[in-house]
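Work through the exercises below with the sequence and the coordinates open. Try each task before reading its solution.

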Amino acid sequence: MKKCLNCQKEIKDNDKYCRNCGCLIEKNSHYILVNILTILVTIAIIILIILFIASYMLSR
Amino acid sequence: MKCINCGVEVDVDDNFCYKCGHWTANGYKYLQDYSNVKKIENGTVYKHNKKLNNLIVLFSLGVVIFTGMLLIRGSDLFAPFFYVKKQITNLINGYNTSIIKVDNIYNNIPINSYEEARDFINKDFLKQSILCDNKNKLLQIETDIENQNDIASVTFCDMNYDEVLKIQEVINKMFNLFPSTKGALTNITITNAASNTEYIAYFQPMHQFVNINNDIKEYNKVNKTQILLNSYYYLNNDLLSNSITNVVGENFYVKNATWESAIAHEIGHYITFAAYLKEKNIDNITYVTEENEEKINELVKEFDQGSFAKNILNTALNNYNIKYSKNLNLNDFAKTISNYAATLDKNNNLLCEETIAEAIHDYYLNGSNMQNSSREIVYTLKNYLR
């Protein structure tokens, strides 16, 4: 029997929302994807900043 | 019991509808207790929803930052990528290489004048030059050389600044010595030779560049007349810091030859070509139309056969033998200049164009102290250039 990720109460197979806390039931892959994307976007922003600074240094 | 929102059957002790998520009567009572609300808000899913919001904000911020940086830096923003790529290529090869390609070919380009032809040559190299490390510093020198000597494009991408200054002196001096030769040379460019040791520098009278696969009736064509510098030497200070004789051997070139004066030798080849064009009443072979295509191709073919260079040498030799009461043949005459001047082809015939280029090299380096043989060759050549 599956458990709600939010409140750990049991949920049935066809449930779309948790009967106890009302949270939308998502697949685990959704949460994993959000975590990975957050890390990737953070790294991308850091790279952008490094790129920006490096482009100035190269142009000297 | 039915859900008050969607009407689906729910259990009595359910707080929320399993189908639409709406609270039930039981859920209403459940939510009256604030500690239950706190429990829900502290759950993993709610925390994760905050993470999702943060991701959206972060992504939007990233887009704004990227757009701002692009507006500020333009294409220079990506220069570090190409710099790193260049360093990796250099590491793999074991020496510095050039990013400039001289063998780009373009088709279906409308070119309707000589000025457009030269402009296209300039733009081809300019486009590539944005990836050069020190383009801002070298740009002024390159532009000065282009303007002073009527050359469409000069590219010293990634070359050492001091080295470029020395080469600028060579080019300017050569065109001061032979001012009437300006206009036919389209570019002087640092590039990678097919192999490391293929050449130090190289004069190419004709490289077909634009619309070579098109019908001349539909598109005019563009040729380059170019001097190429081999990046293996000119981008690698390990070699440049030593004498050129370490590479070519002692007494190969004329006395006092340097890496920079080797370019004077190549300009010597160009000057021979310019004299040949003047003899044929043509200013340049850059802009090719239906009217002049056949003539240009024939001219270049004839030049490559070497008869013009041989005529110059024979005239110079004749004058030399008379003036100095000598009886030298062509090979011995050439040997008085340098070993390179006396180079033979595979049929043991003198490469007359090398003899002339070395004579001009001698003239550049040693001026009035040049060999008498060089002097006669230079006089003969200058007669063609009047």
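This is a predicted model: local features need pLDDT of at least 70, side-chain atom pairs count only at pLDDT 80 or more; totals for chains, interfaces and linings use all residues.

Residues are numbered from 1 along each chain as its sequence is written, and chains are lettered from A and ligands numbered from 1 in the order in which they are written.

**Exercise 1. Chain A**

Describe the fold pattern and the spread of chain A.

Step 1. Assign secondary structure. Helices (H or I, at least four residues) and strands (E, at least two) are DSSP runs, numbered from the N terminus. Chain A has one helix and two strands. Their order along the sequence is β-β-α.

Step 2. Compute the radius of gyration over C-alpha atoms, and compare it with the globule rule, 2.2 Å times the number of residues to the power 0.38. Chain A has 21 Å, well over the 10 Å that the rule gives for 60 residues, so chain A is more spread out than a compact globule.

Step 3. Check the extents. The C-alpha trace of chain A spans about 65 × 15 × 15 Å along its principal axes.

Step 4. Count burial. A residue is buried if 20 or more other C-beta atoms, placed from the backbone, lie within 10 Å of its own; it is exposed if 12 or fewer do, and partly exposed in between. In chain A, 22% of the 60 residues count as buried.

**Exercise 2. Chain B**

Step 1. The C-alpha trace of chain B spans about 125 × 50 × 40 Å along its principal axes.

Step 2. Of the 386 residues of chain B, 39% are buried.

**Exercise 3. The interface**

Which elements of chain B supply the side that touches chain A?

Step 1. Find the contacts: two residues are in contact if their C-beta atoms, placed from the backbone, lie within 7 Å. This gives 33 residues of chain B in contact with 28 residues of chain A.

Step 2. In chain B, α2 (34-41), α3 (44-73) and α4 (79-93) each supply at least two residues. The largest share, 15 residues, comes from α3(B).

**Exercise 4. Strand β4(B)**

Find the partners of β4 (221-230) of chain B, and say how covered the strand is.

Step 1. Apply the pairing rule: at least two DSSP bridges between two strands.

Step 2. List the partners. β2(B) (187-191) pairs in the parallel sense over five bridges. β3(B) (201-210) is antiparallel, with seven bridges. β5(B) (287-288) is antiparallel, with two bridges.

Step 3. Look at I227(B). I188(B) stands opposite I227(B), and I227(B) is also the bridge partner of F203(B).

Step 4. Check cover. In β4(B), 10 of 10 residues are buried.

**Exercise 5. Helix α7(B)**

Where do the buried residues of α7 (161-177) of chain B lie?

Step 1. List them: V164(B), I167(B), Q168(B), V170(B), I171(B), M174(B) and F175(B).

Step 2. Name the packing partners of the buried residues. They are α6 (135-149), β2, α11 (261-279) and α15 (352-366) of chain B.
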